[in-house]
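Subject: Structure handover

Hello,

Here is the structure you asked about. Notes on what turned up in it follow below.

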Amino acid sequence: MNNVTILSITASIIIGIGLSAVFVLDYFSGSPVTNIDSKILEFYGDFMLQSNTDVYSVELVDDFPSVLLIVSKTPDGYVVMDDPTPLFRELYSDENVNTLVVLAGGSEIPYNLENGMLQFNTNNEETVLIRGT
């Protein structure tokens with residue numbers, strides 16, 4: 001290979017990396033910081049929350065065993081998080097919480113609970129209420 005070919009390949013790689021870095025920085029720059037209720041963080045220590053949509057807040061509802069999530073309205077949004085049932089059992093011991101109901105925008109939606117993780121779709125809604133029953 002001659003010097004021109006090596007310089008051309010090197011320049012292409014550097015430009016490609018530069019463009020990739022700009023895309024990654026731009027992709028993450030718009031994501032807000034999630035506000036998670038301090039009681040949730042105290043209980044779990046490392047509270048696990050993953051989502052393909054922005055989650056603005058995760059708050060306990062004081063009146064009954066529930067967690068309210070405020071999320072961005074996304075047609076194919078989903079959330080995976082720690083199962084809140086053990087938290088409900090500790091904080092609301094008189095309620096005898098055994099199951100969950102997940103409501104998106106006020107309508108009950110299906111969810112999956114496996115290995116201590118709760119997963120559900122946000123159904124293009126901005127509010128999700130997880131209630132212990």
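Read from the N terminus, the elements come in the order α-β-α-β-β-β-β-α-β-β-β-β-β. That makes three helices and 10 strands. Please keep in mind that this is a predicted model, so everything below is computed from predicted coordinates.

Overall figures

The protein has 133 residues, of which 30% count as buried. Its accessible surface is about 8400 Å², and carbon and sulfur atoms hold 54% of that. Among contacts with a separation of 6 or more, 60% join residues 24 or more positions apart.

Sheet and hairpin

Six strands form an open sheet with mixed pairing, in the order 1-3-4-10-6-7. The edges are strand 1 (35-36) and strand 7 (107-109); each has a single partner strand, so one side of each has no neighbour in the sheet. Strand 7 pairs with strand 6 (residues 100-104) in the antiparallel sense, over three bridges. L103 has E108 in strand 7 as its bridge partner.

Strand 8 (residues 111-114) and strand 9 (residues 117-121) are also an antiparallel pair, with four bridges. Here L113 is bridged to L118 in strand 9. Two residues lie between the strands of this hairpin, and N115 takes a positive phi near 50°.

The core

In soluble globular proteins, nonpolar side chains tend to be buried together. The largest nonpolar core in this model contains 23 residues. Those with the most contacts inside it are I40, V58, L69, M81, F120 and I130. Two or more residues each come from strand 3 (55-61), strand 4, strand 5 (78-82), helix 3 (85-91), strand 6, strand 9 and strand 10.

What does V58 touch, leaving out residues up to four places away in sequence? Its contacts are T34, N35, I36, D37, I40, F47, L49, V67, L68 and L69. I40 and L69 in that list are also named among the core residues with the most contacts.

Is T122 buried or exposed? T122 is buried, because its relative accessible area is 0% and the cut-off for buried is under 20%. T122 sits in the loop between strand 9 and strand 10 (127-132). Beyond its neighbours within four places in sequence, T122 is in contact with T53, V71, T74, G77, Y78, V79, A104 and V128.

F43 belongs to helix 2 (residues 38-44). With a relative accessibility of 28%, F43 counts as partly exposed. Not counting residues up to four places away in sequence, F43 touches P86, L87 and E90. F43 and E90 are 47 residues apart along the chain, and their C-alpha atoms are separated by 9.1 Å.

I70 is part of strand 4 (residues 66-71). I70 is partly exposed, at a relative accessible area of 28%. With residues up to four places away in sequence left out, I70 touches D54, V55, Y56, S57, E126 and T127.

Regards

Definitions and conventions. Residues are numbered from 1 along each chain as its sequence is written. This is a predicted model: local features need pLDDT of at least 70, side-chain atom pairs count only at pLDDT 80 or more; totals for chains, interfaces and linings use all residues. Side-chain values use heavy atoms; hydrogens and water are left out. Buried means under 20% relative accessible area, exposed over 50%, partly exposed in between (1.4 Å probe, protein chains only). Contact means heavy atoms within 4.5 Å. Accessible areas come from the Shrake-Rupley method with a 1.4 Å probe; for residues, only the protein chains shown count as cover. Two strands pair if DSSP finds at least two bridges between them. A nonpolar core is a set of buried Ala, Val, Leu, Ile, Met, Phe, Trp, Tyr and Cys residues joined through side-chain atoms within 4.5 Å.
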